[in-house]
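Please read it alongside the model.

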Amino acid sequence: MSRRDKEASRDAIRDPVANPWRAPPVIVAQIPEAGLHREIEADQATREGIAGIADLPEVISAHASFDVTLKRDGKVHVEGRVQARVGQICVVTLDPIESEIDEPIDQMFAPPEQIPELSDMSEDDGEGDADVPDPPEPIVNGQIDLARLATDALFLGIDPYPRKPGAVFEQAVAADDPQDHPFAALKSLKPGNGQGGTGPQGSEARSEGTSKGKLEGD
C-alpha cells in the first residue's frame, strides 16, 4: 500500500474524542531505558464504536500489542501489531462473512519541533519507487496515544472488497447467433439449397434453363 493510502487511513481518526478505543497514554519521560511493552484489548462498547465509524456490521474482537523504545534526541519508536476479527458483507454473494485482520505497526514519534525537518527528509527519500518509512508522528504534550495508533492500524487492515471463500464474479455470456457464424454464408452455397450455388446440381439447373431458353427462342 502506498504511503498516501497510509496517510489517508491515519487521517480517519485524528480527533481523540472521536476515537472509541481508549487506553492510558505512554508518558515519554517515564519510558525506561530498556523500553516498555503494552497490550490493549477492545471491550464491547469500544468494538461497537469502531464498527460504527468503519461502517462494519460488527467488530468481534480487537487486540493490540506494542513495544515502545526511547531513542536519541527524544524520539520514540513504537513497534507492534493489531489483530482483530470483523464482520463484513461479501461483495460477490452479499452473504455475511468474518474477516481476520493482522496489521503490523512500525511508527516513529518525535518532538513537535523536529517534525518539519524530518518530514522533509522523508518526502525526499520517497521520490523513488522503493518503500520508505512513514514520516514521524508528533509527540503531543509529552505523551503517545497508543489507542489511536491501534485504531488507525485496524482501519488500515480492513479489506475494502471482502469475498467469501470460493466466491468469484461471473459475467453473463450472450448466446451466439447462428447467423453470425463465420461459415454461415458458405452454408447457403451448399448443393440442393434452392439458391443456385456452385455444386453440380446448381450447374445442371442453370444449363437446363439456358437450353430451354434457346429452344423457345428458335
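Strands E3 and E4 (residues 76–89) pair in the antiparallel sense over 12 bridges. Two strands count as paired if DSSP finds at least two bridges between them. The model is predicted: local features need pLDDT of at least 70, side-chain atom pairs count only at pLDDT 80 or more, and totals for chains, interfaces and linings use all residues. Residues are numbered from 1 along each chain as its sequence is written, and side-chain values use heavy atoms, with hydrogens and water left out.

E3 and E4 form a hairpin with five residues between them. In that turn, Asp73 has a positive phi of about 60°. E3 (residues 58–70) also runs antiparallel to E2, joined by six bridges.

| Residue | Bridge partner | Strand of partner |
|---|---|---|
| Ile40 | Ala64 | E3 |
| Glu58 | Gly87 | E4 |

Glu41 lies in strand E2 (residues 36–41). Glu41 counts as exposed because its relative accessibility is 53%; exposed means over 50% relative accessible area, buried under 20%, and partly exposed in between (1.4 Å probe, protein chains only). Together with Glu39, Asp67, Glu79 and Asp106, Glu41 forms a negative surface patch. Patch residues have over 30% relative accessible area and no salt bridge, with like charges joined within 9 Å; a salt bridge is a side-chain nitrogen of Lys or Arg within 4 Å of a carboxyl oxygen of Asp or Glu.

Overall, the protein chain has six helices and seven strands, which are DSSP runs (H or I, at least four residues; E, at least two) numbered from the N terminus. Of its 218 residues, 33% are buried.

How values were computed
Patch = residues over 30% accessible without salt bridge, like charges linked within 9 Å, V, L, I, M, F, W, Y side chains within 5 Å. Areas by Shrake-Rupley, 256 points an atom, 1.4 Å probe, with all protein chains shown as cover. Lys, Arg positive; Asp, Glu negative; His and termini not counted. Charge placed at Lys NZ, Arg CZ, Asp CG, Glu CD.
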